[in-house]
Every structure is written in C-alpha cells, then in structure tokens.
Amino acid sequence: MDTSNQGKGTYKAWTTEESNELLKLLVDAVGRNWRDKSGSFNKKCIETHILPALNEKLKCTKTYEQYLSRYKWFKKRHQSYEELLKFSSGFGWEPTTKMFTNVNDEVWDNYIKSHPNHAWMRTQTCDDYEDLCIVVGNKTAVGRTSIDLHQEDTGARTCEDEDNRNPCEGFVPGSIDLDEDNNAYNIYNAYFPSFQAESAEPFVPLPTEVTSREIPSERRIGQKKRARNVFESTSASPSISQVDKLMENLSTGLDTVTTNINAMRGLMEERAKDLEIEKREKQKEKEKREMEKEKREMEKKNNNFWVAIMETPDLSMDARFKVVDLLDTKGKREMFKLLSPEERKMWVATKMKE
C-alpha cells in the first residue's frame, strides 16, 4: 500500500546538500533582519521566503514541519560545539582549517573519554560552525556575500555579537558615526553638519598695512585718503560674522555631544544593573543546587544503617559484623538509627551478653 501521503510515512530524511542550503538561507535571512524580537523566525517568514527558495533550487518539497525538525538538529549540533569549547580554555577555533584546536593531547583524550560521540571533532572539519553561531548562537550576519532571496543584496556573513553593536546607533540627529575602515568615531560629520552644508562667505583677513601700491592710480589723484577707522570697520565685518556662526555651531554641537554621552552612560548603567541581577540569580541557583545536594547526601546517610554501626564507638570489626546479624529486620534497623552513638554502644553490649 502506498503511504507516501499518509501520516509519518511522508517524512524524508534531509540530505547533506539540503541541510547546508537551508543553513545558508537562514544565515542570509539573519543578515536581512528577518528574525522577530525573540530572535527566531516565524512561520510566515519560513513559508514565504526560506522554503520556496530551497525547494526551487534543489527541486525538493520541504514543509514547515520538516524545517522545525532540521532546526532542532541545528541547535543540537551547535550545542555539541559549545560543550567542546566550554570543556577547557585550551580549546580554540581555527577559521582557516575549519577545525577545533588544542595543543594538549591529554585534554583531547579526556574530552573524548567523557564525550565519545564527539570524537569526530578532533580529526574532521566543522564547516557549519560559524553559520550555526549566526543562526542558533545569537550572532549577527554582516558582510558582502549573500544568497538572493528576491530582496536587495546584503553583505557577507561574519560572526559578530549583537551585544557588541555601536551603542549610539539610532541617535538622530547628531549620532556618532562609526568609521569601520579606520575603527574610529567621526564626530565632526555627526555634530557639525552645518559646516559642510553651509556656503559661508569667504574669510577676508585684516590687512596689516595699506601701502600706496594697493590703491588704484585713479584714486590717488583728486581723492582724499579714507579714514582708517572706516576701512577697518568695513574690512573686518565678514570675519566677525564668520566667528559668530562658528561659535553658534560649536555650541550646538557640544550640546549634542553631551546629550549622546549621557545616553551612552544610561545604557551602560542599565547593562551593569542587568549583569548584577544575573549574577545574583546565578548565585542563588548555585546555593540551591548545593542545598539539594547536601539534602540528598543526608537522606542517603540516614537510610544507610551501616553508617550508624560505624559511628558506634569502641566496636571492633567482628562486633560490627555481629551487629549486622542482630539487625535482621527493618524495624530493628530503624530503631538502631534513632539511637545516639552511646545508646547504640550500650545496646550492642547488652545483646552481646545474651
């Protein structure tokens, strides 16, 4: 009977080509900011953009349910990589060879001993690690090589923590521009735009000395020399106007710088508070686990009547073994555990005389 259209029989395993192509499409989608606020892709995005591109290119018929299964597999694979890196500080990632490295073979041996299913990571390449960091590990895709999903081209895929973005991004007007080529902030372009947009009058310097050669010959004859104060007032007026404009723009720019610095300070203070809260929660969780561990050990100790025998003073090993024979019922063992060490000693001495 044909079950190609019935229930679970319709599932078809993912090929390596299909899995790699899906991962590339998801990386490109991250670069286009298609994830929602929770950092995941909603069903509409997958069914509208990702799966049509995948099915069209590879001539397959993947569904949303099959996508969810493969995405779960991506998470599990990324988790195995993270377990390796967290196992020891000696582990590192070599992007050129696409392999995990550790100069200490003993560390490798210990890790594989505790994680036998991960032994392949020592000798094989992990080509999908960087893409999994972007799709599953909350990284950001930026750069210049992307896949066409019927949108404008975006940049190449690289790993960059979202927490490391420019904290001033979004401050308009007057936001601090980050010059990525020079790794520096371009403040003048951000805070003094009027210096570039405004076509001010040319600056005319004050003359230091007026000689007869600077006066046209036709003016020398029959004309009186202009008063010195009149000449200075007319020639100096453009420079005063220019200085006023410069000071006005400078004042505006400094106010904007102060505002953005205060905003940055607020963001840093909020981040510090969040880290402190997270630290306290982790400490509480650690204390809770330690208390539960002590509780389990105490219960284990209480349930072991041999511990009670060992705690009884002045008993030889032969006497202890005889006590085991005496405590031949559950009721006797419970009773023996309730006694104090001295009472147990007296009870044993009494039973030995019988």
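User: Which ring has the charged end of lysine 62 over it?

Analyst: A charge sits over a ring if NZ of Lys or CZ of Arg is within 6 Å of the ring centre and within 35 degrees of the ring normal. In this predicted model, the ring is that of tryptophan 14, and the charged end of lysine 62 lies 4.4 Å from its centre. Arginine 344 is placed over the face of phenylalanine 336, at 5.6 Å from the ring centre. Because the model is predicted, local features need pLDDT of at least 70 and side-chain atom pairs count only at pLDDT 80 or more, while totals for chains, interfaces and linings use all residues. Residues are numbered from 1 along each chain as its sequence is written, and side-chain values use heavy atoms, with hydrogens and water left out.

User: How many aromatic pairs does a search of the whole structure find?

Analyst: A pair of aromatic rings is described by the distance of the centres and the angle of the planes. Rings of Phe, Tyr and Trp (its six-membered ring) pair if their centres lie within 6.5 Å, and planes under 30 degrees apart count as stacked, over 60 as edge-to-face and the rest as tilted. The search of the whole structure gives 15 aromatic pairs. One of them joins tyrosine 67 and tyrosine 71, a tilted pair with 5.8 Å from centre to centre and 40° between the planes. These two tyrosines are four residues apart in helix 3 (residues 64-87), and so about one helical turn separates them; helices (H or I, at least four residues) and strands (E, at least two) are DSSP runs, numbered from the N terminus.

User: Are tyrosine 67 and tyrosine 71 buried or exposed?

Analyst: Buried means under 20% relative accessible area and exposed over 50%, with partly exposed in between (1.4 Å probe, protein chains only). Both tyrosine 67 and tyrosine 71 are buried. Another tilted pair is formed by tyrosine 81 and phenylalanine 100, at 5.4 Å centre to centre and with 40° between the planes. Tyrosine 81 belongs to helix 3 and phenylalanine 100 to strand 2 (residues 99-101), so this pair ties together parts that are 19 residues apart in sequence. Tyrosine 81 counts as buried because its relative accessibility is 0%, and phenylalanine 100 counts as buried at 3%. Tyr81 and Phe100 also belong to one aromatic cluster with Trp93, Trp120 and Tyr129.

User: At what angle do the axes of helix 11 and helix 13 cross?

Analyst: Two packed helices are described by the angle between their axes and the distance between the axes. The axes of helix 11 (residues 317-326) and helix 13 (residues 341-353) cross at roughly 80° and come within 11 Å. The two helices are therefore roughly perpendicular to each other, a term that covers angles of 65 to 115 degrees. Helix 11 contributes Ala319, Lys322, Val323 and Leu326 to the contact, and helix 13 contributes Trp347, Val348, Lys351 and Met352, where contact means heavy atoms within 4.5 Å.

User: Which residues is valine 324 in contact with, leaving aside its neighbours within four places in sequence?

Analyst: Valine 324, whose place is in helix 11, is in contact with Trp306 and Ile309 once those neighbours are left aside. With a relative accessible area of 29%, valine 324 is partly exposed.

User: Where is asparagine 33, and what is its phi?

Analyst: Asparagine 33 lies in the loop between helix 1 (16-31) and helix 2 (43-58), and it has a positive phi of about 60° although it is not a glycine. Asparagine 33 counts as exposed, at 60% relative accessibility.

Conventions. Axes fitted to C-alpha atoms, helices over the stretch in contact; angles between N-to-C directions. Parallel < 35°, antiparallel > 145°, perpendicular 65-115°, else oblique.
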